[in-house]
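Good morning, and thank you for coming.

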Amino acid sequence: MTKKIIIALAAASMLLACTQQPKVNYKVWYDWPERHLPDFSALGQPDEQGVTANIDLRDIDDTKDHFCAQFDATLKVPAEEEYTFILTTDDGSRLYVDGEIIIESDGARGPIEEKAVKTLAKGNHALRVEWFDYDKGQSMVFRYSTPTISEREFNKDILAKEDRRTDKAPFVKPQVKEAAGRFMAWKGDDETVVFPVITDIHTAGRFSYKHIGHAAVAAEAFGADFMANLGDIGLNAYPATVDSVYAQSILDNVKAQMLKYDGIWLYCPGNHDWDGGAGRHLSEEYLSDFFQKPWEEKAGGNLHLTPGRTYGYLDIPAKNFRVVFLNSEATGTQGYYYIYGDEQLEWLASLLDSTPADMHVLILSHWMPHPLGVWNSTSINPVRKEASEKIMDMLSSYEGKVNLVGLFTGDTHVNFHEVAGGVNYYVSQGYGWVSPDLTLSGQTHAYFDYQESLCIDVVAVKPAKREVHTFRIGAGGADFDYEFGY
């Protein structure tokens, strides 16, 4: 009996050893103002340290700027092989293998991919990655491959584990219930048009796409008339840009989450929705077929798509309400985005001209043409400026002629509301990253961890009273509710 117990314990120990995930020790220093990598040996005690499952930034507070980190791990090599190491970072970084620097790409810069090849003998090998962030965005992805091992991150199982964990997030229903209570108190007996907004999910390389499915819980609780996906799914971010199979998996995952809502989705392309992997741009027709046409049948003839284009409108006849959805990305393939093309503007003018005088009209888009929507210097150029002024002038010309609720967008990763030319311009924050120095006057942002909190704005309109009220689910709560008239 004792022998059997010993054998059973040994087997259990072996199983645990086989299933145990590799560990990464990390240290973070939150005060590194320079534009280059530090001498980590001279930094002293770190501000934060711990153990994580991968060589990446998932467990590090990415709302900060001017910091640096060091990651140490052991790579187990089953047989001697030539290893290709790939390090993609923003900003600078170094990779050590057994104490030897094999990748060094220093300096404050955007994402750069570096590769190095080294033959490793069977056994354990020490890995160290040093990295720093200067400002305005940070990223780090470590991968490796061999002739017999397909390209993978250090811990190839961590993404699947995170996927399973976030799909059953316990914070969803309580946060939805709390916001829905505020909505019901405001609504009273008035008829409303209600829709949750999902925007700037930026799913490439992470699992925030789960929040699209979480929003379906909100749609049910609020009795939504439809749902709005205002774009920036994240297809032109690594690794989607180098892996078309991965890019397609993002599309499939997003659509699967959207299908959790048994209703109509309206989709507006974002500037991060065009690259389908390996430089292959998706056409407008493809995006329309994938994200807009699936809801035509459900709409029962009320969803009007423009053939071969990603703009159209949805009528809600029972509430005398029209929702227009636009494409602010031109063609997505000609070097410009944040552009409303002339053909689309002519279509919009014709639609507004033909809209019944008593119908209320809301316009959705990804890009905010109002100057407050210009949230970083890359958004400013003469072509975009002219295109933005053109649509704002056009909308102003319909003030008083059409019951125009306003133009509601995402993209900016903050919340703001402004009236210009008699037109309401409103931005929903969404899940996008933002740095404090990028928030402009009149804009607010709620910082949060998407693994612990929703960040969904539910828009509710009372047409009879010409009132709009937004309700924040999750990040910031009631402090980010907002109300205005039209």
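In which sense do β11 and strand β21 pair, and over how many bridges? Before the answer, please note that this is a predicted model. The pairing of β11 with β21, which covers residues 455-462, is antiparallel and runs over five bridges. Within that pairing, Val 194 sits opposite Ala 460 of β21.

β11 also pairs with strand β12, residues 227-229, this time in the parallel sense and over two bridges. There, Val 197 has Ala 228 of β12 as its bridge partner. For anyone new to this, strands of a sheet pair through backbone hydrogen bonds, and they do so either parallel or antiparallel.

Stay with β11 for a moment. Is strand β11 enclosed or open to the outside? Six of its six residues, 193-198, are buried, so the strand is largely enclosed by the rest of the structure. Look at which way the side chains go: Val 193, Phe 195 and Val 197 point one way, while Val 194, Pro 196 and Ile 198 point the other way, and all are buried.

Next, the sheets. Six strands make an open sheet in the order β2-β1-β3-β8-β5-β6, with antiparallel pairing. Its edge strands are β2, residues 48-52, and β6, residues 100-105, and each of them pairs on one side only. From one strand to the next, the twist averages 15°. Val 24 has Thr 52 in β2 as its bridge partner.

There is also an open sheet of four strands, ordered β7-β4-β9-β10, and the pairing is antiparallel here too. Why is one side of β7 and one side of β10 left without a neighbour in the sheet? Both stand at the edges, β7 at residues 112-120 and β10 at 152-153, and each has a single partner strand, so one side of each has no neighbour in the sheet. β7 pairs with β4, residues 81-90, over nine bridges in the antiparallel sense. If you want a place to look, find Thr 84, which is opposite Val 117 in β7.

Now the aromatic rings. How many aromatic pairs does the structure hold? The count is 24. I will show two of them. Tyr 30 and Phe 67 form a tilted pair, with 5.4 Å from centre to centre and 45° between the planes. This pair joins distant parts of the chain: Tyr 30 is in the loop between β1 and β2, Phe 67 is in strand β3, residues 67-77, and they are 37 residues apart. Tyr 30 is partly exposed, at a relative accessible area of 22%. Phe 67, at 1%, is buried.

The second pair is Tyr 83 with Phe 85, which is stacked: the centres are 6.0 Å apart and the angle between the planes is 20°. Tyr 83 and Phe 85 are both buried. They also belong to a cluster, in which ring pairs link Tyr 83, Phe 85, Phe 142 and Tyr 144.

On to the helices. α3, residues 172-187, packs with α4, residues 210-222, at an angle of about 35°, and the axes are 10 Å apart. The crossing of α3 past α4 is right-handed. On the α3 side, the contact is made by Val 172, Lys 173, Val 176, Ala 179, Ala 180 and Phe 183. On the α4 side, the residues are His 214, Val 217, Ala 218, Ala 221 and Phe 222. Sorted by type, the residues of this contact come out as nine nonpolar, one polar and one charged. The spacing in such lists has a simple background: an α-helix has 3.6 residues a turn, so residues three or four places apart point the same way.

Helix α6 covers residues 284-291, and its buried residues include Glu 284, Leu 287, Ser 288, Phe 290 and Phe 291. Among the elements that cover the buried residues of α6 are α5 (244-258), β13 (265-267) and β14 (303-305).

Last, a loop. Pro 356 lies in the loop between α8, residues 342-354, and β17, residues 360-364. Pro 356 is partly exposed, with a relative accessible area of 37%. How far apart in space are Pro 356 and Val 402? From C-alpha to C-alpha they are 8.1 Å apart, although 46 residues separate them in sequence.

How values were computed:
Residues numbered from 1 in each chain as written. Predicted model: local features only at pLDDT ≥ 70, side-chain atom pairs only at ≥ 80, totals over all residues. Heavy atoms only, no water. Axes fitted to C-alpha atoms, helices over the stretch in contact; angles between N-to-C directions. Left-handed = near helix turned anticlockwise from the far one by under 90°. Contact = heavy atoms within 4.5 Å. Nonpolar A, V, L, I, M, F, W, Y, C, P; charged D, E, K, R; others polar. Pairing = 2+ DSSP bridges. Phe/Tyr/Trp six-rings, centres within 6.5 Å; stacked < 30°, edge-to-face > 60°. Buried < 20%, exposed > 50% of the residue type's maximum accessible area, 1.4 Å probe, protein only.
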